[in-house]
Amino acid sequence: LAVGRISRDPSLDLGHRLDYVILQEECETPRALVRFVDFGKLSSAFIGPLNPGFCEVAAHLGENWNKAIFSWMCVNYKLDSTIHHNAFARTLPSPTQILLTIMKYFKWAHVGIIASSEDIWMYTAKESATVLRNHGLPVVVVTSVHKGEKGIEDTWNKIKEVNNIKIILLCMHSVLIGGQEQADLLTKALDMGLADGRYVFVPYDTLLYSLPYQNNSFNVFDNDSKLREAYDAVLTITVESGERTFYDAFREAKESGEIIRDLEATQVSPLFGTIYDAIYFMATALDSARRKGVRASGANIAEHTKNFSFPGFSHRVETDSCGKGLNNYVILDTDGHGNQLFPTHLLDMSSGSVLSLGQAIHFPKEIPPKPDSSCWFDPDVLCTEG
């Protein structure tokens with residue numbers, strides 16, 4: 001869909017016909033890396049990788065091949081150094097940057113991370129912990145979910161053993177788009193009395209796309225009162241919807257005959273929009289480099305991701321003078337009873353500030369977790385005695 005639209009877009013002059021090849025990424029990180037080495041001859045630029053476990057190596061290879069790499073999934077903070085990784089560009093703001101901004105706003109410093117046992121999520125958890133620790137924050141436990149009910153119980157027992165945790169990052173597929181593991185994890189937390197407001201659970205994967213929340217009901221809550229109650233302890237952070245949601249944009253593309261697959265919008269992960277935007281992002285960078293008369297090398301394309309704006313799949317995509325994404329994010333919350341999510345706060349990426357939208361967060365028992373000392377968020381102050 002993206003490549004077809006780019007070829008018809010009169011505002012883009014790429015000087016080449018754009019085509020794509022889907023390169024299958026192995027699930028296990030070492031095999032994925034070996035496979036990636038073979039991809040060097042197949043493409044002029046890359047959208048990916050999806051596994052943060054080999055992002056840095058992939059970025060070094062891209063540099064060596066003189067081919068740009070565009071990714072929304074790479075967490076590694078070292079990739080933000082254009083001196084060391086000049087052929088790498090982010091198509092979305094770094095997920096950990098979003099988390100840091102929100103944690104600072106609420107003064108929740110102590111973090112626990114639970115990952116699905118899949119390689120991609122375990123590496124996401126490890127890399128996220130590294131970034132947060134690099135900012136001086138106490139990531140006190142990083143664990144993965146063990147199989148079965150007993151395994152989930154063991155995971156929560158491990159969390160319970162650690163004091164002071166305020167925010168628990170869930171690195172796995174969101175229950176709102178079919179993630180059964182997250183549903184089981186949250187339900188077990190409720191059974192064990194851990195969804196009582198002592199922790200705030202934050203799904204990681206909704207940071208990677210625009211979850212449709214306006215005028216949208218989440219059927220997953222309809223016949224599951226326990227999950228609905230457990231989700232009251234969850235704050236969902238996602239890319240702000242534009243004038244239309246991902247589902248609206250998908251239906252429009254289907255009605256116009258551009259998408260011919262027999263799929264309802266609700267059967268498609270909103271990550272579709274993120275991938276579409278990443279391809280358009282790359283084409284816009286290519287166009288920008290060409291207009292300035294520079295050779296379309298990997299570093300030049302990655303360099304020309306600054307100060308641009310284009311219509312993404314369901315919202316405008318913009319970058320600032322450093323090439324950082326300006327997509328705003330929202331914090332979504334349930335009221336503990338219904339099946340809808342309501343925006344409570346806006347994260348304005350141009351200023352890095354969090355703004356209240358006038359709807360209070362509904363915490364279980366109506367009490368938020370106790371804030372941590374503000375010294376955790378001041379790089380010039382050392383926290384002592386907690």
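**Notes on the sheet and the cysteines**

1. Let's start in the sheet: isoleucine 167 sits across from valine 200 of β7. That contact belongs to the pairing of strand β6 (residues 167-171) with β7, where the two run parallel and 4 bridges join them. Keep in mind that we're looking at a predicted model.

2. Stepping back, the sheet is an open one made of 4 strands, ordered β5-β4-β6-β7, with parallel pairing. The edge positions go to β5 (139-144) and β7 (200-203); each has a single partner strand, so one side of each has no neighbour in the sheet. Going from one strand to the next, the twist averages 20°.

3. On to the cysteines. How many disulfides are there? With a cut-off of 2.5 Å between cysteine sulfur atoms, the count is 2. If you number the bonded cysteines along the chain, the pattern reads 1-2, 3-4.

4. One of these disulfides links cysteine 55 and cysteine 74, at an S to S distance of 2.0 Å. The link is left-handed, with -80° about the S-S bond. Cysteine 55 is part of helix α3 (residues 55-65), while cysteine 74 belongs to the loop between β2 (68-71) and β3 (88-90), so the pair ties together parts 19 residues apart in sequence. Both cysteine 55 and cysteine 74 are buried.

5. Cysteine 375 and cysteine 383 also form a disulfide, and here the sulfur atoms are 1.9 Å apart. Which hand does this one have? The torsion about the S-S bond of cysteine 375 and cysteine 383 is about 120°, so the disulfide is right-handed. As for burial, cysteine 375 has 15% relative accessibility; the cut-off for buried is under 20%, so cysteine 375 counts as buried.

6. What about cysteine 171, which is in no disulfide? Its nearest cysteine sulfur is that of cysteine 55, 14 Å away. Cysteine 171 has a relative accessible area of 0%, so it is buried.

7. Cysteine 322 is in no disulfide either, and the nearest cysteine sulfur, belonging to cysteine 74, is 20 Å away. Is cysteine 322 buried or exposed? Its relative accessibility is 55%, and exposed means over 50%, so cysteine 322 counts as exposed.

Terms used
Residues numbered from 1 in each chain as written. Predicted model: local features only at pLDDT ≥ 70, side-chain atom pairs only at ≥ 80, totals over all residues. Heavy atoms only, no water. Buried < 20%, exposed > 50% of the residue type's maximum accessible area, 1.4 Å probe, protein only. Pairing = 2+ DSSP bridges. Axes fitted to C-alpha atoms, helices over the stretch in contact; angles between N-to-C directions.
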